[in-house]
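Dear colleague,

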Amino acid sequence: MINNLFLNIDAGTIDWSRAQFALTAIYHWLFVPLTLGLAVIMGIAETYYYRTKDEFWKETAQFWQKLFGVNFAMGVATGLILEFEFGTNWSNYSWFVGDIFGAPLAVEGIVAFFMESTFVAVMYFGWKKVSPGFHLASTWLTGLGATISAWWILVANAWMQYPVGCEFNPDTMRNEMVSFAEVALSPFAVSKFCHTVTSAWIIGAIFCVGVCCWYLMKKRHTKLAIESMRIGAWVGLVAALLAAATGHKSGMDVAEVQPMKLAAMEALYNGGTEQGLTAIAWVNPFCQPDYQNEEAAPLKIDIPYGLSIMATNDPKGFVPGINDILNGYTRPDGTVEPSIDEKIERGKKAIQALAGYRQAKFASSDNGEIAAAHLKVLQENMQYFGYGYIKDKNDIVPFIPVNFWAFRIMVGLGCLFILFFAAILFALWKKDVTTLPKWHYWVAILLIPLGYIGSECGWLVAEFGRQPWTIQDMLPTWAAVSDLDSGSVALTFFLFLILFSTMLAVEINILLKQIKKGPSL
Amino acid sequence: MTYEFLQHYWCFIVSLLGAILVFLLFVQGANSVARSLGQTEEGRRLVYNSTGRKWEFTFTTLVTFGGAFFASFPLFYSTSFGGAYWLWMIILFTFVLQAVSYEFQNKIGNILGPKTFQFFLTLNGIVGPLLLGGAVATFFEGSNFIVEKNNLIDIEALTPIISRWANASHGLDALLNPWVLVLGFAVVFLARVLGILYVMNNVNDEDIRSRGSVRLIGAAVPFVILFVAYLVHLLLKDGYAYNDEGFIYMEPYKYLTNFLDMWYLLVILLIGVVLVLIGIGKTIMSKNYIGGIWPAGIGTVLTVLALLLCSAWNNTAYYPSTADLQSSLTIQNSCSSEFTLTTMFYVSLLVPFVLAYIIYAWRAIDKKKLDKEEIKSDHAY
């Protein structure tokens with residue numbers, strides 16, 4: 001083929017493209033959760049102002065809005081890069097599923113971004129120009145716009161985890177949407193949205209409580225600190241409890257449609273019924289364990305039946321392990337899941353049938369019957385089309401240590417945050433929070449980075465666990481990239497690394513100075 | 001609604017978003033001349049605060065333009081963004097710099113200093129319009145790519161990629177074409193014209209307004225020369241046409257023919273050009289006239305809309321390939337499925353509602369012109 005003359009792809013391109021997307025997504029997720037979380041807190045503060053007309057609440061709302069603004073721009077900027085990176089770095093992906101994937105991104109732009117960008121301007125510059133009611137509405141609409149934006153981008157992400165509402169069209173050589181409702185209201189998307197947004201509220205709440213504790217420690221702006229802390233702690237507790245509940249639902253979704261991801265999260269090499277949830281085990285963080293030969297991860301301590309309950313809501317539920325998935329297994333209901341080798345064979349058969357179909361269909365002579373025969377084979381094996389690009393069955397096992405430890409850190413910190421917010425509310429109810437020992441305040445301040453770590457770990461589980469697929473079971477990363485040399489992508493990776501890191505340093509410094517300066521009460 | 005109608009409809013929507021984006025480049029244009037418009041620190045802050053209340057619209061329109069293009073013409077998204085990698089990356093890079101510059105520049109704790117971020121705004125103000133204008137020019141001049149969908153069934157290939165750039169420059173080669181640069185610089189100067197007109201209208205400051213009238217001439221003259229030169233070149237050049245079977249071929253005077261066949265686009269183009277000239281001319285001639293942004297802005301949208309539609313309608317390949325003519329993208333061979341276009345058609349019905357609240361909110365913010373008092377407030381940039 002003529003364009004093979006220009007083939008300059010190497011394996012490094014795939015890794016650098018993954019690294020660049022991960023870098024952008026990780027940075028993006030440093031800014032977005034604070035935007036979503038602070039939107040709720042500043043909205044509540046301004047609602048108090050609207051109801052009481054007490055200038056204290058106006059100053060409180062303006063203080064949180066100021067911090068919101070410093071953070072907001074970076075979220076917008078990194079989000080722009082993410083959207084375009086689907087085209088720049090994942091061009092094959094963009095064609096192969098663009099018919100489905102592009103729609104949520106377009107809806108996000110039309111419905112959410114304009115709302116966000118319009119009303120954020122009113123929120124900042126409209127205090128003396130619009131009525132208090134309009135201003136309050138603008139503040140909430142800014143947060144609502146950000147949340148709707150999260151909805152659509154999570155619909156898109158959920159579709160990558162669980163592709164629904166589409167069919168492959170052999171004439172156009174791509175997947176095409178057949179049900180927008182299935183895509184937009186996918187149960188995976190609903191769980192993902194609820195879990196992600198509530199986790200973002202947790203970060204906003206931790207940030208709010210941490211800042212308040214710093215003021216209490218410094219004995220400054222005490223009233224603002226106590227009242228904001230109350231809002232933050234309530235938002236945080238409700239969000240943390242909701243995140244736990246939605247996390248369970250997400251776990252069940254993963255067990256159903258991405259069993260390999262769940263097995264990697266649990267370092268479950270050999271599955272079965274009545275599976276315990278691993279509380280702790282030794283999984284070397286730096287190398288892939290020998291899952292084919294080890295019975296289980298060393299030093300494993302289980303919570304009995306925990307994994308079966310998490311995955312199936314049944315203590316006796318069946319959960320497949322990595323080797324079960326690789327070698328095929330029979331479910332309790334008698335249905336058989338084929339081995340990966342069989343899926344690879346059937347995938348290749350599908351791709352060959354597609355080649356035959358196109359040859360027959362676009363040949364000059366009438367080969368209708370031959371084309372129909374190939375189409376039948378393609379349809380019978382289409383479910384495993386993506387596996388046709390897999391060379392070795394072990395390629396479909398994600399890097400277990402990242403999934404295992406990231407999942408544990410996320411869940412552990414989530415439990416810690418529930419206790420933390422409950423303790424804060426108890427202290428606000430029973431104690432004088434202005435006279436607590438200093439270390440209490442320090443604990444709250446030091447929890448701020450832990451909030452981010454927990455949230456980023458959630459994304460690591462979601463994205464690393466899906467590897468090597470860009471779209472689960474449909475398109476592996478090496479069939480999704482753009483035709484670029486690895487040097488170009490490596491260069492842009494480092495450019496973005498330097499840019500984002502510099503801007504993050506500037507933002508953190510500005511935030512610290514703004515906090516130190518405090519509200520103009 | 002037929003599939004053909006939907007293809008044309010979505011081409012219209014994407015072109016409209018592109019046209020609005022070019023109009024909103026007034027933010028970039030004003031930033032690129034901020035130093036000469038506001039010669040004091042206070043004057044520069046007035047300019048940055050004026051554009052700072054609109055930058056998110058430009059940004060959001062860029063994102064929505066990208067999303068709409070992705071949803072309606074995914075093969076373009078796949079081919080252009082993945083192929084012209086460096087061109088798009090530089091555009092994105094400068095827009096990231098712009099996004100943070102407003103909020104960060106005058107905040108305490110800005111460790112890079114305000115001048116760094118003002119430089120970023122200037123950089124984005126020049127490079128953004130130049131490369132976006134250059135990207136638009138490739139719709140007429142062509143790009144060096146190949147599309148081969150059958151690559152997807154080559155399972156022996158390391159990566160079965162369908163769109164490839166046919167040289168190693170990944171988009172920067174477009175800048176070697178002088179006509180791409182002509183249109184690129186025309187957009188740079190158009191953005192400056194619009195930026196100056198916008199600031200004159202939005203900022204209540206006599207110094208800035210009087211300097212704006214003078215600077216306007218300096219931006220308008222090169223803009224008119226470059227734009228007219230490109231328009232003449234476009235009308236005289238061969239274009240990329242396709243027949244009912246989708247076969248792509250070169251046709252003499254294709255774009256001139258398009259304007260003659262689609263006379264309504266010619267009318268829109270002429271009205272647009274006249275409105276831009278009215279906006280410029282009236283502002284230069286009349287000392288008290290500050291509303292030039294309105295005719296010039298509307299004229300810009302109409303002109304760009306007509307040009308973009310001319311590149312794609314009437315059996316024209318809107319993203320031509322200079323490496324392999326048959327790889328050229330048309331609205332037929334690069335669009336989404338009928339189902340997706342139909343679904344998105346209903347989503348697009350929300351656009352008037354969105355426009356209505358933007359106008360409402362924008363009017364509320366702008367009913368009092370920006371002045372020196374306002375930038376002393378706490379949230380000024």
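Predicted model: local features only at pLDDT ≥ 70, side-chain atom pairs only at ≥ 80, totals over all residues.

If one takes the contacts in chain B with a separation of 6 or more, 75% of them are between residues 24 or more positions apart.

Chain A, for its part, has 16 helices and ten strands, and its C-alpha trace spans about 80 × 55 × 40 Å along the principal axes. A compact globule of 521 residues would have a radius of gyration near 24 Å, and the 25 Å found for chain A agrees with that. Of those 521 residues, 55% count as buried, and in chain A residues 24 or more positions apart make up 79% of the contacts with a separation of 6 or more.

Chain A is also divided into domains, namely domain 1 (9-258 + 398-517), domain 2 (265-337) and domain 3 (340-389). The centres of domain 1 of chain A and domain 3 of chain A, taken over C-alpha atoms, are separated by 41 Å, and the contact between these two domains takes nine residues from domain 1 and nine residues from domain 3. On the side of domain 1 of chain A that touches domain 3 of chain A, eight residues are nonpolar and one is charged, with no polar residues.

The contact between the chains takes 77 residues from chain A and 75 residues from chain B. On the chain A side, the elements that each supply at least two residues are helix H2 (55-88), helix H3 (91-96), helix H4 (98-125), strand S2 (174-177), helix H12 (340-361) and helix H16 (486-517), and the largest share, 21 residues, comes from H4(A). Sorted by class, the side of chain A that touches chain B has 47 nonpolar, 20 polar and ten charged residues.

Strand S2(A) also takes part in a hairpin within its own chain. Strand S1 (residues 166-169) of chain A and S2(A) run antiparallel and are joined by four bridges, with Asn169(A) standing opposite Arg174(A) in S2(A). Four residues lie between the strands of this hairpin, and Met173(A) takes a positive phi near 60 degrees there.

What does Leu194(B) touch, leaving aside its neighbours within four places in sequence? Leu194(B) is in contact with Phe23(B), Leu25(B), Phe26(B), Gly29(B), Ile293(B), Ala296(B), Gly297(B) and Thr300(B).

His28(A) is found in helix H1 (residues 11-52) of chain A and counts as buried because 22 other C-beta atoms lie within 10 Å, the cut-off for a buried residue being 20 or more. Its C-alpha atom is 7.6 Å from that of Met74(A), although His28(A) and Met74(A) are 46 residues apart in sequence. Beyond its neighbours within four places in sequence, His28(A) is in contact with Gly75(A), Thr78(A), Gly79(A) and Leu82(A).

Leu425(A), in turn, is found in helix H14 (residues 400-430) of chain A and is partly exposed, with 16 other C-beta atoms within 10 Å. When its neighbours within four places in sequence are set aside, Leu425(A) is in contact with Ala233(A), Trp234(A) and Leu237(A). The C-alpha atoms of Leu425(A) and Leu375(A) are separated by 63 Å, and these two residues are 50 residues apart along the chain.

With kind regards

Definitions and conventions
Residues numbered from 1 in each chain as written. Chains lettered and ligands numbered in written order. Domains from an automatic or database assignment. Contact = placed C-beta atoms within 7 Å. Nonpolar A, V, L, I, M, F, W, Y, C, P; charged D, E, K, R; others polar. Rg over C-alpha atoms; globule rule 2.2 N^0.38 Å. Buried ≥ 20, exposed ≤ 12 C-beta atoms within 10 Å, placed from the backbone. Pairing = 2+ DSSP bridges.
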